[in-house]
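Colleague: I have not looked at this one before. Can you take me through it?
Modeller: Here it is.

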Amino acid sequence: PAAAGTRGRLKIALAAMAARCRLAARFHRVHGANVRLDASRTRATRVESFANGLCFSQEPLAPGQIFLVEIEEKELGWCGHLRVGLTAHDPQSMEAVPEYSLPDLVNMGDTWVFAITRSHNRVAVDGEEAPARARGPPWEPFLLIERVRIPRDALVGRSRPGRYSHILDDLYKANVLPATARRSRIGVLYAPQPDGTADMHIVINGEDMGPSARRLPTTRPLYAVVDVFASTKSVRVIPVEYGFPSLQTLCRLVIQKHIVHRLAIDGLDLPPPLKSFCKHE
């Protein structure tokens, strides 16, 4: 009975997290002057200049909940890339959305934002050395960040099927492809700590960059910040389903582990819907 009760509470918690993730997996109506959102508010495009591209999550994030975006379009001619982070400021209460996340929004206080670079690494704190990051096999179903378990499948960007798609996918899995490339997926979350504060983590193509900021307050709601800045033209929110991987997802992971080219899926004796799922997102 005790075990059944625990399982019941776990299912309820997972269902609540899934519902919250679906609600939060879109952008807030409040955004920078140069941002245009699509009808679903899951795609943000900067239509002019290189600034005024600030976006926020629709809802505050829950502890351990990742806000994940994929870079869809780039724009040549600008220096600088996507910026992500967290803020304790409610976008709805802002008199005006700042032009830049760095330094304008950060200077408002209670905001932690970092620029994503081509060779992004974790930010060492207080002079400590950055330890080697543990990286499991790409087919492991979960990414573990402290006590947070995130389904790995959605975290890694995927190339569109083509002659060299298997090479591109391998680059993504190895985190060799630049973090700022098209189809790269970047997420931000906070992990609660025993002292009541939280650490902010940035995840790039399924790899945890480690704590980028420490001692964030958890007494105030924390919204995700996405600055569609400079060479980043458009991003799309990727929903992440928490809980156990579906049978379909597990099948895709096993199939991808044993093939050398994603187009080889066409020759497998599988139902067409499963082939399509394995080849695409």
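Modeller: One term before we start: a residue counts as buried under 20% relative accessible area and as exposed over 50%. Also, this is a predicted model.

Colleague: Is Cys 79 buried or exposed, then?
Modeller: Cys 79 is exposed, because its relative accessible area is 73%, and the cut-off for exposed is over 50%.

Colleague: And Cys 55, buried or exposed?
Modeller: Cys 55 is buried, since its relative accessibility is 1%.

Colleague: How many disulfides are there?
Modeller: The count is 0 disulfides, with a disulfide taken as two cysteine sulfur atoms within 2.5 Å.

Colleague: How much of the protein is buried?
Modeller: Of its 281 residues, 49% count as buried. The accessible surface is about 13,700 Å², and carbon and sulfur atoms hold 58% of that.

Colleague: Changing topic: how many helices and strands?
Modeller: The protein has 5 helices and 13 strands.

Colleague: Which strands form the open sheet, and in what order?
Modeller: There are 7 strands in it, ordered β1-β2-β13-β4-β9-β10-β11, with antiparallel pairing. At the edges are β1 (35–37) and β11 (207–217), each of which pairs on one side only. On average, neighbouring strands of this sheet are turned by 25° against each other, direction ignored.

Colleague: What does β1 pair with?
Modeller: Its partner is β2, residues 43–46, in the antiparallel sense over 3 bridges. Within that pair, Arg 36 stands opposite Thr 45 of β2.

Colleague: What about contacts along the sequence?
Modeller: Counting contacts between residues at least 6 apart in sequence, 70% join residues at least 24 apart.

Note on methods. Residues numbered from 1 in each chain as written. Predicted model: local features only at pLDDT ≥ 70, side-chain atom pairs only at ≥ 80, totals over all residues. Heavy atoms only, no water. Buried < 20%, exposed > 50% of the residue type's maximum accessible area, 1.4 Å probe, protein only. Helix = DSSP H or I, 4+ residues; strand = E, 2+ residues; numbered from the N terminus. Contact = heavy atoms within 4.5 Å. Areas by Shrake-Rupley, 256 points an atom, 1.4 Å probe, with all protein chains shown as cover. Pairing = 2+ DSSP bridges. Axes fitted to C-alpha atoms, helices over the stretch in contact; angles between N-to-C directions.
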